[in-house]
Amino acid sequence: MLTRKIKLWDINAHITCRLCSGYLIDATTVTECLHTFCRSCLVKYLEENNTCPTCRIVIHQSHPLQYIGHDRTMQDIVYKLVPGLQEAEMRKQREFYHKLGMEVPGDIKGETCSAKQHLDPHRNGETKADDSAHKEAAEEKQEEDNDYHRSDEQVSICLECNSSKLRGLKRKWIRCSAQATVLHLKKFIAKKLNLSSFNEDAWAAGGVAVCRALV
C-alpha cells in the first residue's frame, strides 16, 4: 500500500492560532462559525471585541464568552501531530504553578498522567485493569462536562414555510437550547432541505420563518 508523507508545515495553517501564530493550546472554538484559537488568546481578544478574529462574524452582542467551547478533538489532533508539544506545555504549566507556590490543578495532573500512559501504556507487559477503569471514568466525566447545553433552558420552536419555492420540513417542531441563535436555525434548516448555500437576501425571499417560540 502506497503512503504519502505530509510535512508538518503543510498543515500548520490548520493547527495554529490566528491570534498568536503558535500551535493551538487549550483549543477553543467559536460555536457560531467553528473557527478555533488558543483559549487564552481568544478570551483576551473577546475582552475588547465581540466578533470572530477570523471571519468577523458577531459572536454575541454582549456575552461572546458564553458562545465559545473547548475543542478537545482539535487539541488531541494538535498534540498527536506535533512531537513533544503536550509534554512541553504540561511542564510549563507545572513550573508556573510551582513558581507561585500553588498546587497544580487536578485537570493538569490528569492530563500529565494521561500523557505518561500514552507514552508507556504497558507496565510489565500488560495494562492494569484499575488504570483502564479509572481512565474510562475520567473520559466519561469529561464528556459530561463538555456537554455545555444539556442543562440549558430549553425552548420549543415551530418552523413553517411561507413560500412555494421551498418544501416544508417533515417535522416543524424542534426543541433546542435557549442559547441557540438564528444562524444555528438557518444552518439546521439548510441541512434538512439540502440547500447548498444561503444568505440573508435568499432567506428573506424564500419566506422561511420562525412562527412561534414557546418556552
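**Exercise 1. Find the residue in β2 that stands opposite Thr28.**

Step 1. Get the elements. Helices (H or I, at least four residues) and strands (E, at least two) are DSSP runs, numbered from the N terminus.
Step 2. Take β1, residues 27-30. Three bridges join β1 to β2, and the two run antiparallel. Strands count as paired if DSSP finds at least two bridges between them.
Step 3. Read off the partner. Thr28 stands opposite Phe37 in β2.

The model is predicted, so local features need pLDDT of at least 70, side-chain atom pairs count only at pLDDT 80 or more, and totals for chains, interfaces and linings use all residues. Residues are numbered from 1 along each chain as its sequence is written, and side-chain values use heavy atoms, with hydrogens and water left out.

**Exercise 2. Give the strand order of the open sheet and explain why one side of β2 and of β3 has no neighbour.**

Step 1. Three strands form the open sheet, in the order β2-β1-β3, with antiparallel pairing.
Step 2. Look at the edges. β2 (36-38) and β3 (68-70) stand there, each with a single partner strand, so one side of each lacks a neighbour in the sheet.
Step 3. From one strand to the next it averages 35 degrees. Axes are lines fitted to C-alpha atoms, for helices over the stretch in contact; angles run from 0 to 180 degrees between N-to-C directions.
Step 4. Place the helix. α2 (residues 39-46) packs on the sheet and touches β1, β2 and β3. Contact means heavy atoms within 4.5 Å. The direction of α2 makes about 95 degrees with that of β2.

**Exercise 3. Locate Asp26 and Leu34, and classify each as buried, partly exposed or exposed.**

Step 1. Set the classes: buried is under 20% relative accessible area, exposed over 50%, partly exposed in between (1.4 Å probe, protein chains only).
Step 2. Asp26 lies in the loop between α1 (12-15) and β1. Its phi is positive, about 55 degrees, although Asp26 is not a glycine. At 33% relative accessibility, Asp26 is partly exposed.
Step 3. Leu34 lies in the loop between β1 and β2. Its phi is also positive, near 70 degrees, in a residue other than glycine. Leu34 has a relative accessible area of 60% and is exposed.

**Exercise 4. State the element count and the buried share of the protein.**

Step 1. Count eight helices and six strands.
Step 2. Of the 215 residues, 28% are buried.
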